[in-house]
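Welcome to this short briefing. Please take a look at the sequence and the structure below, and keep them at hand as you read.

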Amino acid sequence: AFAAGYDLSTPEACAETLERFDSVVGLERVRVFHLNGAKKERGSRVDRHAHLQEGCLGEDVFRFLLKDPRLTDRLGILETPEAETMHAVNLARLRELAA
């Protein structure tokens with residue numbers, strides 16, 4: 001969504017984007033999220049994944065998305081580089097942010 005141009009740069013921007021999504025599409029239709037940092041800037045249309053603490057999205061954004069009550073029953077797919085060695089690290093960080 002970020003690479004497509006949706007503003008997810010701050011928790012406030014995430015809230016506005018989700019409200020817009022809800023009014024146009026309906027959040028009940030969004031069943032799964034891909035969770036990854038973004039190597040390229042918003043609107044670049046280049047979906048290059050980074051670790052959660054790297055790239056153009058800050059951890060506050062992930063904290064917001066993981067705790068937003070409208071999204072707590074949705075699935076998240078961790079989609080970061082170096083899966084074999086770094087998924088455990090990124091998953092642990094997501095759990096910390098969600099706590």
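Glu59 and Arg93 are joined by a salt bridge between their side chains, with 2.7 Å from N to O. This pair ties together distant parts of the chain, since Glu59 sits in helix H2 and Arg93 sits in helix H3 (residues 83-98), 34 residues apart. Keep in mind that this is a predicted model.

**The salt bridges**

- How many salt bridges are there by the rule used here? The count comes to six.
- Side chains of opposite charge can pair when their charged atoms come close.
- Glu59 is partly exposed, because its relative accessible area is 22%, and a salt bridge counts as formed when nitrogen and oxygen lie within 4 Å.
- Arg93 is partly exposed as well, with a relative accessible area of 23%.
- Arg93 also meets Glu96 in a salt bridge, this time at 2.4 Å from N to O.
- Glu96 and Arg93 are about one helical turn from each other, because they are three residues apart in helix H3.
- An α-helix has 3.6 residues a turn, so residues three or four places apart point the same way.
- Glu59, Arg93 and Glu96 form one network, joined by salt bridges that share partners.
- Another salt bridge is made by the side chains of Arg42 and Asp7, at 3.9 Å from N to O.
- The Arg42 and Asp7 pair links distant parts of the chain, 35 residues apart: Arg42 is in the loop between strand S2 (37-38) and strand S3 (49-50), while Asp7 is in the segment before H1.
- Arg42 has a relative accessible area of 43%, so Arg42 is partly exposed.
- Asp7 has a relative accessible area of 25%, so Asp7 is partly exposed too.

**Helix H1 and its surroundings**

- H1 is made of 14 residues and spans 20 Å from its first C-alpha to its last, close to the 20 Å expected at 1.5 Å a residue.
- Which residues of H1 are buried? They are Ala13, Cys14, Ala15, Thr17 and Leu18.
- Helix H2 (59-67) is among the parts that cover these buried residues of H1.
- Pro11 belongs to helix H1 (residues 11-24).
- Pro11 counts as partly exposed because its relative accessibility is 25%.
- Setting aside residues up to four places away in sequence, Pro11 touches Asp60, Val61 and Phe64.
- Just after H1 comes Gly26, which takes a positive phi of about 100°.

- Where is Arg74? Arg74 lies in the loop between H2 and S4.
- Is Arg74 buried or exposed? Arg74 counts as buried because its relative accessibility is 18%, and buried means under 20%.
- The backbone oxygen of Leu27 is reached by the side chain of Arg74 at 2.6 Å.
- A polar atom of the Arg74 side chain also lies 2.5 Å from the backbone oxygen of Val30.
- Apart from neighbours within four places in sequence, Arg74 is in contact with Leu27, Glu28, Val30, Arg31 and Phe33.

- Val32, Leu75 and Ile77 make a nonpolar surface patch of about 270 Å².
- One of these residues, Leu75, is found in strand S4 (residues 75-78).
- Leu75 is exposed, because its relative accessible area is 59%, and exposed means over 50%.

**Ala98 in helix H3**

- Ala98 is in helix H3.
- With a relative accessibility of 37%, Ala98 counts as partly exposed.
- Ala98 touches Leu66 and Lys67, not counting residues up to four places away in sequence.
- How many residues apart in sequence are Ala98 and Thr85? They are 13 residues apart in sequence, and 22 Å apart in space from C-alpha to C-alpha.
- Pro11 and Ala98 are 87 residues apart in sequence, and their C-alpha atoms are 14 Å apart in space.

Note on methods. Residues numbered from 1 in each chain as written. Predicted model: local features only at pLDDT ≥ 70, side-chain atom pairs only at ≥ 80, totals over all residues. Heavy atoms only, no water. Helix = DSSP H or I, 4+ residues; strand = E, 2+ residues; numbered from the N terminus. Buried < 20%, exposed > 50% of the residue type's maximum accessible area, 1.4 Å probe, protein only. Contact = heavy atoms within 4.5 Å. Patch = residues over 30% accessible without salt bridge, like charges linked within 9 Å, V, L, I, M, F, W, Y side chains within 5 Å. Areas by Shrake-Rupley, 256 points an atom, 1.4 Å probe, with all protein chains shown as cover. Expected span 1.5 Å × (residues − 1). Polar contact = N/O pair within 3.5 Å; in protein donor to acceptor, adjacent residues only side chain to side chain.
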